Amino acid sequence: MSEASNAVPAGGGAPGRAERAAQRRSIASRYALLPLRLFLGVTFVYAALDKLSDAHFLAGAGDPASFVSQAQAAKAGGSPISFLLGPALDHPTLFALAVAFGELAVGLGTLLGLWGRVAALGGALLNLSLWLTVSWSVAPYYLGNDLAYLMAWIPLVLAGTPYLSVDGYLARRAGRDRERGLGEDQVKRRALVDGGIAAVAIGGAGLLTGSLTRTFGRGKQAAPKQSAAPVSAAPAQAPTVPAASVPVGGSAQVKDPATGDAVYIVQPKAGQYCGLSSVCTHSGCAVDAPKNGQLYCPCHGSRFDAATGAVVNGPAVKPLPKYAVTKDGDKLTLGPQQS
């Protein structure tokens, strides 16, 4: 046998190593977005449950950590979409719950890979709205985290969630259905129906989880913190508003200096003024500003009379706490809560 026949080909074994290296690179490329997807999914689920369990988030304007206080600060801080914040301030509890449950839906959809592009687009829109409101005044811009989250969603909007996901499973099954000879319309219809069933199941689980979190979170609300003060400290000054800002049937919002809760000063009839607490007596949500003679709670639908605070319809059974209001010249002053 000649020497040439015994020679090992140049780079012997290299094709095997190259093939394995190519496989590793392929796997790495395939799952490159998985860490980002897990981070965003877990973060949004945690953010949603944190909001729903935090009694401050759905509190009134008297709490600086509440949704309504943050929306007011964004509007006053020159947000480029401040003109869109009017409906959010008119119905703060409804919009706050929409944000929290929207984050929960985005987080679950991203984690499980169900309608991944839709979930990523929802996350991008949420962070875009937060960037243009809450984070808009942050300077320099790179310290605002909502802009970074917005950019992080873009790759998932483009690529979706094809691996380790419900979307991936449905896509693989659709491929098998085509190989079996099923028509394209039938394949698409089956994928849409099964995806919808999965969405309903996951959405129902999310709503149940969020509702339970909100229910148990209400019991964790701590009493307002009181800073230590000398016995001789002066009492808090009673809040006042111009009388012209409270037309008949209208209202102005002030804070109860004792609790920090928002209070609506109303004028149900000409020359008659009173204050009504914004805290619903059913579950502690913030009721909307008086409209058409009633105050509406968007959490569970309770309605209260805007003149007396009495319950118009439940589930609330107790009236809204009422405050005395005195008029001195062109100013209205909030008095103590009435028993």
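Colleague: Is L164 buried or exposed?

Modeller: L164 counts as exposed, because its relative accessibility is 58% and the cut-off for that class is over 50%. Please bear in mind that this is a predicted model.

Colleague: Where does L164 sit?

Modeller: L164 is found in the loop between α8 and α9, the latter spanning 166-179.

Colleague: What about the phi of L164?

Modeller: The phi of L164 is positive, at about 50°, although the residue is not a glycine. Most residues other than glycine have a negative phi.

Colleague: And W115, what is its phi?

Modeller: W115 has a positive phi near 50°, and it is likewise a residue other than glycine. W115 belongs to the loop between α6 and α7, where α7 covers 116-131.

Colleague: Which accessibility class does W115 fall into?

Modeller: W115 counts as partly exposed, because its relative accessibility is 40% and that class lies between the 20% and 50% limits.

Colleague: Let us step back to the whole chain. How many helices and strands does the protein chain have?

Modeller: The protein chain has ten helices and nine strands. Of its 339 residues, 35% are buried.

Colleague: What share of the contacts comes from residues 24 or more positions apart?

Modeller: Such pairs account for 54% of the contacts in the protein chain with a separation of 6 or more.

Colleague: On to helix packing. At what angle do α3 and α6 pack?

Modeller: The angle between α3 and α6, the latter being residues 92-112, is about 150°, and their axes are 7 Å apart. The two helices are therefore roughly antiparallel to each other, since the limit for that class is over 145 degrees. The crossing of α3 past α6 is left-handed.

Colleague: Which residues make that contact?

Modeller: On the α3 side they include L38, V42, V45 and L49, and on the α6 side they include F101, L104, L108 and L111. By class, the contact of α3 with α6 comprises 17 nonpolar, three polar and three charged residues.

Colleague: How do α3 and α8 cross?

Modeller: Helix α3 (residues 34-53) and helix α8 (residues 145-159) have axes that come within 10 Å and cross at roughly 125°. The crossing of α3 and α8 is left-handed.

Colleague: Which residues are involved there?

Modeller: From α3 the contact is made by L36, R37, F39, L40, T43 and F44, and from α8 by Y149, A152, W153, P155 and L156. The classes in this contact of α3 with α8 are nine nonpolar, one polar and one charged.

Colleague: Now the sheets. What is the strand order in the six-stranded one?

Modeller: It is an open sheet with the order β1-β9-β8-β4-β3-β2 and antiparallel pairing. The edges are β1 (240-242) and β2 (251-255); each has a single partner strand, so one side of each is left without a neighbour in the sheet. Neighbouring strands of this sheet are turned by 35° against each other on average, direction ignored.

Colleague: How many bridges join β8 and β9?

Modeller: β8 and β9 pair over six bridges in the antiparallel sense, and K322 stands opposite Q338 in β9. The two strands form a hairpin with two residues between them, and G329 in the turn has a positive phi of about 70°.

Colleague: What are the other partners of those two strands?

Modeller: β9 (residues 331-338) is joined to β1 by three bridges, running antiparallel, and T240 stands opposite T333. β8 (residues 322-328) pairs antiparallel with β4 (residues 272-277) over two bridges, where Y323 in β8 is the bridge partner of G275.

Colleague: And the three-stranded sheet, what is its order?

Modeller: That open sheet runs β5-β6-β7 with antiparallel pairing. β5 (294-296) and β7 (311-313) stand at its edges with a single partner strand each, so one side of each lacks a neighbour in the sheet. The twist averages 35° from one strand to the next.

Colleague: How many bridges are there between β6 and β7?

Modeller: β6 (residues 303-305) pairs with β7 over two bridges, in the antiparallel sense. V311 in β7 is the bridge partner of F304.

Notes:
Residues numbered from 1 in each chain as written. Predicted model: local features only at pLDDT ≥ 70, side-chain atom pairs only at ≥ 80, totals over all residues. Heavy atoms only, no water. Pairing = 2+ DSSP bridges. Helix = DSSP H or I, 4+ residues; strand = E, 2+ residues; numbered from the N terminus. Axes fitted to C-alpha atoms, helices over the stretch in contact; angles between N-to-C directions. Left-handed = near helix turned anticlockwise from the far one by under 90°. Contact = heavy atoms within 4.5 Å. Nonpolar A, V, L, I, M, F, W, Y, C, P; charged D, E, K, R; others polar. Buried < 20%, exposed > 50% of the residue type's maximum accessible area, 1.4 Å probe, protein only. Parallel < 35°, antiparallel > 145°, perpendicular 65-115°, else oblique.
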